[in-house]
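Subject: Structure handover

Hello,

Here is the structure I promised to pass on. Please open it first, then read my notes below.

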Amino acid sequence: MPSLSTLKCLSELFNLPVSYLGCFESLPEETLGQRIKKARMYQGLRVAEFAKLLGVDQKTINNWENDRRKPLSKHMKEIKKFVDTSL
């Protein structure tokens with residue numbers, strides 16, 4: 001599986017969505033963390049990029065994606081936008 005950075009480069013080169021190249025459909029989505037990670041990757045966002053968009057640090061994203069912490073309600077509205085459009 002190529003890295004997300006590689007997928008982004010290929011996406012631009014072939015003018016195809018990252019989601020198409022990444023085949024992220026098979027990623028699990030049983031937990032909120034798994035759904036967040038799948039949505040982030042589906043959008044072609046690295047952890048740092050997603051953290052910046054949401055105004056949190058990378059450690060927070062990692063905690064959410066690994067189900068160590070749940071997002072605060074103030075972040076859920078933004079996260080929901082990504083999850084709903086990706087799944």
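Ile 79 is in contact with Ile 36, Leu 54, Trp 64 and Pro 71, leaving aside its neighbours within four places in sequence. Contact here means heavy atoms within 4.5 Å.

Two points on the source. This is a predicted model, where local features need pLDDT of at least 70, side-chain atom pairs count only at pLDDT 80 or more, and totals for chains, interfaces and linings use all residues. Residues are numbered from 1 along each chain as its sequence is written, and side-chain values use heavy atoms, with hydrogens and water left out.

Now the core. Ile 79 belongs to the largest nonpolar core, which has 13 residues. A nonpolar core is a set of buried Ala, Val, Leu, Ile, Met, Phe, Trp, Tyr and Cys residues joined through side-chain atoms within 4.5 Å. Buried means under 20% relative accessible area, with a 1.4 Å probe and protein chains only. Phe 50, Leu 54, Val 56, Ile 61, Trp 64 and Ile 79 touch the most other members. Helices H3 (32-42), H4 (47-54), H5 (58-65) and H6 (73-86) each give two or more residues to this core. H4 gives the most, with four. There is also a second, separate core of five residues, including Leu 4, Leu 7, Phe 24 and Met 41.

H5 has four names to note. Its buried residues are Ile 61, Asn 63, Trp 64 and Glu 65. After H5 comes Asp 67, with a positive phi near 55 degrees.

Next, Ser 19. This residue sits in helix H2 (residues 18-22). Ser 19 is buried, at 11% relative accessible area. Leaving aside neighbours within four places in sequence, Ser 19 is in contact with Phe 24, Glu 25 and Tyr 42.

Last, the whole chain. The protein chain has six helices and zero strands. Helices are DSSP runs of H or I, at least four residues; strands are runs of E, at least two; both are numbered from the N terminus. The radius of gyration is 13 Å, close to the 12 Å that the globule rule gives for 87 residues, so the chain is as compact as a globular protein of that length. That radius is taken over C-alpha atoms, and the rule is 2.2 Å times the number of residues to the power 0.38. The C-alpha atoms fill a box of roughly 40 × 25 × 20 Å, along the principal axes. Buried residues make up 34% of the 87.

Best wishes

Notes
Buried means under 20% relative accessible area, exposed over 50%, partly exposed in between (1.4 Å probe, protein chains only).
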